[in-house]
Amino acid sequence: MAAATAAAAAALRPHTTLLSGGSGPIPSTTLQVLPFLSTLTFRRGRSVLVSNASSSPSSPPTPEKEAVAEAVPVPTAESCVNLGLELFSKGRVRDALEQFENALELNPTPIEAQAALYNKACCHAYREESKKAAECLRTALRDYNLKFGTILNDPDLAPFRASPEFKELQEEALRGGEDIGSGFRRDLKLISEVQAPFRGVRRFFYVALTAAAGISTFFTIPRLILAVQGGDGAPDLLETAGNAAINIGGIVVLVALYFWENKKEEKQITQISRNETLSRLPVRLSTNRIIELVQLRDITRPVILAGSKASVTQALQRAERYRTELLKRGVLLIPVIFGASKKDQTKPRGFGTRRAAASAPSVGGDFEKRTESIAAKSCLKAEVRFKADVVSPEQWESWIRDQQESEGVTPGEDVYIILRLDGRVRRSGIGMPNWNDILQELPRLEDLMSKLER
């Protein structure tokens, strides 16, 4: 009996050691949540447990049976997540989803739970189950410190980002409540403070002056009452009333300015969030390479042409007449035809199993990184031609419609949007652009670089 108990305990004992499969860790540029990836081989779902239950008395375990029991792998949260990633990369989304669900039932660590929930959301997004994907991501954001920027950057979540559920999730993150999105909100506020460095100083003075006016009013009101009652030693009524009016008027003005600053900040944060979403939209270059707009910064000036097929086609034909001059100004045309979105059937890769498109490293790095940055930009610049195609039309349409609503334009109307070299919106307009005006407005890249060098 003691031997049987020992064998069962050995079979059910969870694996706590990290296995090395020889293939190396799966690269992840978003969140390094599974640096300990191991290659596991066992039956999908749960491991096979050897049972000797029968109507007759069980025979004592033999050494061979004990060895088999020891060799049967018991699934852990880690192994289920890793197997799910492997299945997802092979396109077996349903089986991967089952593994991620198993991982959540096996007492996962916070890191394992975050990875399981996030990849489960990717599976639901691929199956166009936006509500289930939103619930998984909401839980990961609230309970396991998932960064909202991960959701913005991952192409596996492209179908989800085009859904109403994503907009609801983003609005929750923008509000920066205690449950969700506090980190995302904090990052946006930091960017806002960089763009408006004296806003905090102004608000401090608004609060300080309001407090001073309030204290002055607190002492002025009793004097005003005495002045109204009259009598010996009463203060002058007109003077006291004037002081009270100045204090109250100052409080009203300062409070109004304070709320006006807050409203400006909220508008700026919304615009920053929209610009961040725009920078992550994917395009396909003429060489069939797929990149995000953020990788085109300092290389081109994208011009987005959005509208009906007839309007966009006509605008492209007119642009061909000015092709040479537009190329000298770094213009890259990106046509977006409303209603022409098609489902992206690209093969899923999974969280932690992909390399993001190569982005240029910081200029502040060492010499080798700067050299790689220059080489990467040079190669990318050689691939950029006159026009690029959108990869996820539904994402582009969703962003353009949000931009139209923010500018008071009827959603679905023909518009054009010109971006700066740094990726921000330069200007936009209704209809299609006048290419002569654009040639007059935009300087040549060579002239711009010459000025910077001088």
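Student: Which ring does the charged end of Arg401 sit over?

Tutor: A charge sits over a ring if NZ of Lys or CZ of Arg is within 6 Å of the ring centre and within 35 degrees of the ring normal. Here the charged end of Arg401 is over the ring of Phe338, 5.0 Å from its centre. This is a predicted model, where local features need pLDDT of at least 70, side-chain atom pairs count only at pLDDT 80 or more, and totals for chains, interfaces and linings use all residues. Residues are numbered from 1 along each chain as its sequence is written, and side-chain values use heavy atoms, with hydrogens and water left out.

Student: How many aromatic pairs are there?

Tutor: A pair of aromatic rings is described by the distance of the centres and the angle of the planes. Rings of Phe, Tyr and Trp (its six-membered ring) pair if their centres lie within 6.5 Å; planes under 30 degrees apart are stacked, over 60 edge-to-face, and the rest tilted. That rule gives five aromatic pairs. Phe148 and Phe166 are stacked, because their centres are 6.2 Å apart and their planes at 25 degrees.

Student: Is Phe148 buried or exposed?

Tutor: Buried means under 20% relative accessible area, exposed over 50%, and partly exposed in between (1.4 Å probe, protein chains only). Phe148 is buried, at 3% relative accessibility, and Phe166 is buried at 3%. Ring pairs link Phe148, Phe160 and Phe166 into a cluster.

Student: What about Phe204 and Phe205?

Tutor: Their ring centres are 5.7 Å apart and their planes at 70 degrees, so the pair is edge-to-face. Phe204 is exposed at 56% relative accessibility, while Phe205 is partly exposed at 46%.
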